[in-house]
Amino acid sequence: MTSSNGKSPRGILVVDLGAQYSQLIARRVREANVWSEIAPPHEALARAKKMNLGGVILSGGPASVYAEGAPEVPAELLELGVPVLGICYGLQWMARELGGHVEPSDHREFGRTSIDVRRSSDVLEGIDGHTVVWMSHGDKVTKLPDGFVTYASSESCEHAAVGDPARGYYGVQFHPEVSHTVRGREVIGNFVWRACDLPGDWRPESIVEREVSKIRAQVGDTGEVVMGLSGGVDSSVAAVIAHKAIGERLHCIFVDNGLLRKGEREVVESTFGRHFHMDLTVVDATDDFLGKLKGVTDPERKRKIIGHEFVEVFRREATRFENAHFLGQGTLYPDVIESVAAHGGNTAVIKSHHNVGGLPEDLEMDLVEPLRELFKDEVRVIGRHLGLDAAIVERQPFPGPGLAVRCLGEVTAERLAVLREADHIVTSEIENAGLHEGLWQYFAVLLPVKSVGVMGDARTYEEACAIRVVQSEDAMTADWVSLPHELVGKISNRIINEVRGINRVVLDVSSKPPATIEWE
């Protein structure tokens, strides 16, 4: 993104030192209406010098600063004349680099912890007395560098928040980016607004200008993009951005793979073919996908097969366009961070996503991914800004592999038909009750578990269906939601009475972590 004067916006560089939540830090900065970028340690200095730098945040990480192979940050980052905030490992690295000491803690702190604020100023401005934070550390700073003072302490950690305001150095041993830290947003807001003196004038809508320019530069004057359109908010927003960038040189491909929700195809054809007047091709590839999935039960194999088949369809369709050397996707950051160590840190791979881990190595198309650095809530804001209908912008997230990852066990046309009807009952009843607002996802899962039942005085032996309802801000963490007893009963009765093949309904009451939102 560039501002009206041609320069990139003043923003914060987040240095990823191996934390699962580095992008969450960047997201909190953006929530404070300040631009943010992420870089691994080995790219941090070059990125800092390239961007219009207003401050630096050093993330947490799983390593110990004194351990062999621990992430090292270029010391020059502390000499760029901008404020620096170290979080957890970032604090420990900064303290050691500036002459302090870091040692293993006798009492490790994990989870919610109460801290006593001694100095309600700078990054802790407006926060006094006791507050609850989220700790996750086995080491701690035992001696502060010269010039530093303590802002807050916990029972086991004397230097829970520290700073050297004269030089603009600050550090917190807790994690202000996670929702469990009660005043965490204020800590980050204080850093970017007070310490860095940034104006807070960035809005998610601004990403459109940046991404339109990037696509035009990437594709050129004659290049064409084949965009995989699913009808969900991610691919829809990505398609509208690409359409703004290159117009009729965008060719949207909607693949009916037989793994869709009820009515999905009709919504896409109506919205994009008729309303936005995009070049839209609907490809019925149900037989191809289900044929490749026959006999497959392993979740990772399902995802890989579906991802590969999607690309093959797009690649075949792209041959109709002479200059279609680009594949557009609605990839979001949560897709990336669960699939790969996106920024070079020591982040663990949770599961592959069809548009991240499933792409073949011989892909002869360059990827166009305008949403790759964004979270779902930012994408929804952009979608509203672009004029997308609320029915699409507010849709609950739907996984790229579709119902295949909610149809546990073998994926067949018959089982998908059962799941599709059960899922429609779950979603329609929740929405008719007006309880969908504030929910992240609500859907049905078909389990490859048969149980004995009795219907009409006759014995049944059929599969079970699970109801999954969760609330989340960003899909990185999620809590299950308790629906009213009467509504659960109504959903269960309808599924068992109306959907042949299911005789038992159960509730999923697992949070993320330790579970994931999807079952596969």
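Author: Among contacts in the chain (heavy atoms within 4.5 Å) between residues at least 6 apart in sequence, 73% join residues at least 24 apart. Keep in mind that this is a predicted model, where local features need pLDDT of at least 70, side-chain atom pairs count only at pLDDT 80 or more, and totals for chains, interfaces and linings use all residues. Residues are numbered from 1 along each chain as its sequence is written, and side-chain values use heavy atoms, with hydrogens and water left out.

Now for the core. A nonpolar core here is a set of buried Ala, Val, Leu, Ile, Met, Phe, Trp, Tyr and Cys residues joined through side-chain atoms within 4.5 Å, and buried means under 20% relative accessible area (1.4 Å probe, protein chains only). The largest such core has 47 residues, and Ile 430 and Ile 495 have the most contacts inside it. Leaving aside residues up to four places away in sequence, Ile 430 touches Leu 435, His 436, Leu 439, Tyr 442, Val 469, Leu 483, Leu 487 and Ile 491. Apart from that core lies another, of 38 residues, with Val 208, Ile 241, Ile 246 and Ile 392 among them. In soluble globular proteins, nonpolar side chains tend to be buried together.

Zooming out, buried residues make up 58% of the 520 in the chain. The C-alpha trace spans about 75 × 60 × 40 Å along its principal axes.

Key: Buried means under 20% relative accessible area, exposed over 50%, partly exposed in between (1.4 Å probe, protein chains only).
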